[in-house]
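Visitor: I have just opened this structure and would like to learn how to read it. Could you walk me through a few of its features?

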Amino acid sequence: MPAKSKFVWIFGCLIAFFLIIVPFVLSRFWVGTITEILILTLAGISLNFLLGYAGCLSFGHGAFFATAAYTTAILITRTGLNQYFVILLVAPLMAAFLGAIIGILISRLYAFYYAIMTVAFTMILWSIIRRLRDLTGGDSGILGVHFAGFLQEMNNIYFFTLAVVVLCAIILWIIGNSPFGWALRAIRENPVRSSFVSINVVWHRYLALVVSSFFCGMAGSLHVVYTFGAFPELAFWTKSADIVTICILGGINSFLGPAIGSAVLILLETFITSVTLYWPLILGIIICAVVLLMPQGITGLIRNVFNKGRGEFRA
Amino acid sequence: MFFEVQNLEKSFGGVKATDNVSLHINEGDICSLIGPNGAGKSTFFNLITGYIRPDSGKVIFLGEDITGKTAMAIARKGIARSFQIVNIFPQLTAYENVMVAVLSQKKRSFNVIHPAKKIDKDEIYGLLQSTGLEQQAQMLGGQLSHGNQKRLEVAIALALKPKLLALDEPTAGMAEEEKSAILETIKTLMKMTGCTILLCEHDMSVIFSISDQIWVLHNGRIVANGNVEEIKNNEVVQRIYLGGRE
């Protein structure tokens, strides 16, 4: 077995073991922090499906996150429907529906035209959420959203989140390695040549956005389970920037890059904000350092060490 | 008629890159389009494969009007092309380059369940083998030598199981030995797959050894056509090629 896959295997087992014992050995605070990392990881993996595979940079994934979060919160507080498995299907579907609408308008666009359009949509959604006070609670959001049944206790929330995130990650991994996923890679590499091998470029990019928004919505729903609320900041563009940041920190050419990015981002945030208030300053410096010194992210750096600096990187 | 072009025209600004071009190709032939640099060969290829839309004229393939259809639709109909300037998927391996084309040809590119790497392995290796790339299967497309990238171009095009294979200067930038090797490959492929080939070249020696039918393009117009002997003896062609650059 080559050193690399041996490393991945051992490291993976350790992580899995760690994730399972977390609630039994760590304090409630850390269980919460890791839950947060898991949720952001799912958002990151869903964005990376679009960014790393299809090469579409969305700066508006917060919109899908927020749409599902609000759908979840509204369904629970306004309707008698309080069954998490129904809600956790309906809310991501709402996010996917939004993705399907936005996709009609942007799937033909490339590079920064695509990025700027996604920013525009998330800003529109943010304004709408703040305006529709009766439905969304305006600036203060919706608070006190409690799921019925076992999703009240932190450890249960943790295990539930872990299970959903792992399941979604597996599904995205399968899609990413299917012929559909490979068509997306071909489009990322060379959209012109892709159309000459009869790949329907626009349609593939469109479906990639819909799939990605669904899973980002799933993360948004889980966020409500964890925070018991939905807030307009989720749709603010900085939330979207966070999701992009973890992909870049972790490495967009690696499937689990966003998981590492998410862990690094949230842990740094937790530590640094306890020391200084200038967290955004430190984050800015870290992002600069990553982009300049390890453009393939943390996973890229690890991989380069194993490839003895041959510099190969691939999704 | 297998493939026919009627009065095709395309201008860029004031320049007529394709000027009233009509030609036809018989099934099973190797046809060549020759002409000096800038004669409009690549433009013609781009017009018939859907990269750009003609201003007027018709392209008919297997009795169907395919004028102005998208590149994807034309590829689906059975016209595959290679590019003069290497146009591959640089960060995918040679195997993956061919794989995406094979999967797309089989209309599997919307399949989201099966692992792509486990499908059609034999077919993909077969294509790499017939273009002489089996040793390089796991190398990234961008890291192959120029000659091998040109071969990969052909392999990707062949993966589409084309009825008409349009090769835009398949020997461009190659050394002499490499040129004859790739021509051999093309001949073998043709016998194997039975597809019709439309080649374009500016180097006449390359063409003469394999062509059944030759069309000469100059300043966007067809100035001569015929078999190898007729073209060799054609005065206009001699003037274009021997009379210095215009």
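This is a predicted model: local features need pLDDT of at least 70, side-chain atom pairs count only at pLDDT 80 or more; totals for chains, interfaces and linings use all residues.

Visitor: Let us begin with the helix. Which residues of helix α4 of chain B are buried?

Guide: Here is the general idea: an α-helix has 3.6 residues a turn, so residues three or four places apart point the same way. In helix α4 of chain B, residues 121-130, the buried ones are I124(B), L127(B) and L128(B). Viewed down the axis of α4(B), its buried residues fall within an arc of 100 degrees, so they line one face of the helix.

Visitor: What do the buried residues of α4(B) pack against, and which exposed residues sit on the face turned away?

Guide: They pack against α3 (94-105) and α5 (146-159) of chain B. On the face turned away from the buried side of α4(B) you will find the exposed residues D122(B) and Q129(B). After α4(B) comes G132(B), with a positive phi near 75 degrees.

Visitor: Now the sheet. In what order do the strands of the open sheet in chain B lie?

Guide: In general, strands of a sheet pair through backbone hydrogen bonds, either parallel or antiparallel. Here the 4 strands follow the order β2-β1-β4-β5 in chain B, with antiparallel pairing. Strands β2 (15-25) and β5 (64-65) of chain B stand at the edges with a single partner strand each, so one side of each has no neighbour in the sheet. Strands β1 (residues 3-12) and β4 (residues 56-61) of chain B pair over 5 bridges, and E4(B) stands opposite I60(B) in β4(B). Helix α1 (residues 41-48) of chain B lies across β1, β2 and β4 of chain B, at about 115 degrees to β1(B).

Visitor: How many residues of chain A are in contact with chain B, and what area is buried between the two chains?

Guide: The size of an interface is often given as the accessible area lost when the parts come together. Between chain A and chain B about 2800 Å² is buried, with carbon and sulfur atoms giving 67% of that area. In terms of contacts, 27 residues of chain A meet 38 residues of chain B.

Conventions. Residues are numbered from 1 along each chain as its sequence is written. Chains are lettered from A and ligands numbered from 1 in the order in which they are written. Side-chain values use heavy atoms; hydrogens and water are left out. Buried means under 20% relative accessible area, exposed over 50%, partly exposed in between (1.4 Å probe, protein chains only). Helices (H or I, at least four residues) and strands (E, at least two) are DSSP runs, numbered from the N terminus. The arc is that of the directions from the helix axis to the C-beta atoms. Contact means heavy atoms within 4.5 Å. Two strands pair if DSSP finds at least two bridges between them. Axes are lines fitted to C-alpha atoms, for helices over the stretch in contact, and angles run from 0 to 180 degrees between N-to-C directions. Buried area is the accessible area (1.4 Å probe) that two parts lose on being put together, summed over both.
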